[in-house]
Amino acid sequence: MAVAMASAANCGVYFSSNTNKLNFPVFDFKNHSWSAAFVTTPPNILEKRSVRLSFSMMGIIPRATSSATAVESDGSFQDTDTVPTPKVIIDQDSDPDATVVEITFGDRLGALLDTMNALKNLGLNVSKANVYLDSSGKHNKFAITKASTGRKVEEPELLEAIRLTIINNLLEYHPESSSQLAMGATFGVEPPKEKVDVDIATHIRVDDDGSDRSLLYVETADRPGLLVDLVKIITDINITVESGEFDTEGLLAKAKFHVSYKGKAIIRPLQQVLANSLRYFLRRPTTEEASF
């Protein structure tokens, strides 16, 4: 994700005992530096694989202050309507100067002022880029930069925090989305009716993308902390993630990463190593699942 996976990250997430209305853990976001971004593992923040711990360690979920002007729903739907599939897209490709976020939930989303405020509480500048309608619903696009630098978001932890903050607000202001989101199983009012079979849902493909890089596609069951975990797995075998897109579509996560090895496209044997590493990690049970 232009996660400048090649530059040093300067962020860390630390525990706080506060919780919000939906019992999401709330954490303090503090500066923390380590070298070589993700080739060298940051201290103790990426080791746990439990669903709860992954969320706890990676999530930075500030609560927006409710106000009379903050409108998350346009009130145009009925309870009997079919619940649409929520979609959250984190796009690092389309704009060189900003992270583009797109949120869709049928025609149910309003001005999203509370979501914008919650994102600003992460230390971000958030501007409404545009809104458009198509057959899938109303698409809300935002351009996001770091308030401290004016540049697009580079750190995977902060990109994941953006994603989870948006999902948190969806669950709070649109509780009907709970059954359509993987996070609804732990934090929503109604868990998904069916659990995604990870073995069936997981698909990994590496394509050529010119002589200098390759294109990695990953589709799997969503869970908190997944974006950061994927980046760690990739960079642990010295593959560089240059940019990409991470989509949350209901219960599934779909990632597209531009990757390279020493400035060149990934050769076939290394492609196989990469695919096997990701497949092994994604298909093994989490700590929480293994305890049952």
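I take contact to mean heavy atoms within 4.5 Å. The model is predicted, so I note that local features need pLDDT of at least 70 and side-chain atom pairs count only at pLDDT 80 or more, while totals for chains, interfaces and linings use all residues. Residues are numbered from 1 along each chain as its sequence is written, and side-chain values use heavy atoms, with hydrogens and water left out.

Entry on the core. I looked up Ile 162 and found that, apart from neighbours within four places in sequence, it is in contact with Ile 90, Val 101, Leu 119, Leu 122, Leu 124, Ile 144 and Val 153. Ile 162 and Leu 216 have the most contacts inside the largest nonpolar core, which has 51 residues (a core being buried Ala, Val, Leu, Ile, Met, Phe, Trp, Tyr and Cys joined through side-chain atoms within 4.5 Å; buried being under 20% relative accessible area with a 1.4 Å probe, protein chains only). Helix α3 (residues 156-173) gives this core its largest share, nine residues (helices being DSSP runs of H or I, at least four residues, and strands runs of E, at least two).

Entry on the sheet. I then traced an open sheet of eight strands in the order β5-β6-β4-β3-β9-β10-β8-β7, with antiparallel pairing (pairing needs at least two DSSP bridges). Because β5 (124-134) and β7 (203-208) each have a single partner strand, one side of each is left without a neighbour in the sheet. Strands β9 (residues 240-249) and β10 (residues 252-260) are joined by nine bridges, and I saw that Ser 243 has His 258 as its bridge partner in β10.

Conventions: Buried < 20%, exposed > 50% of the residue type's maximum accessible area, 1.4 Å probe, protein only.
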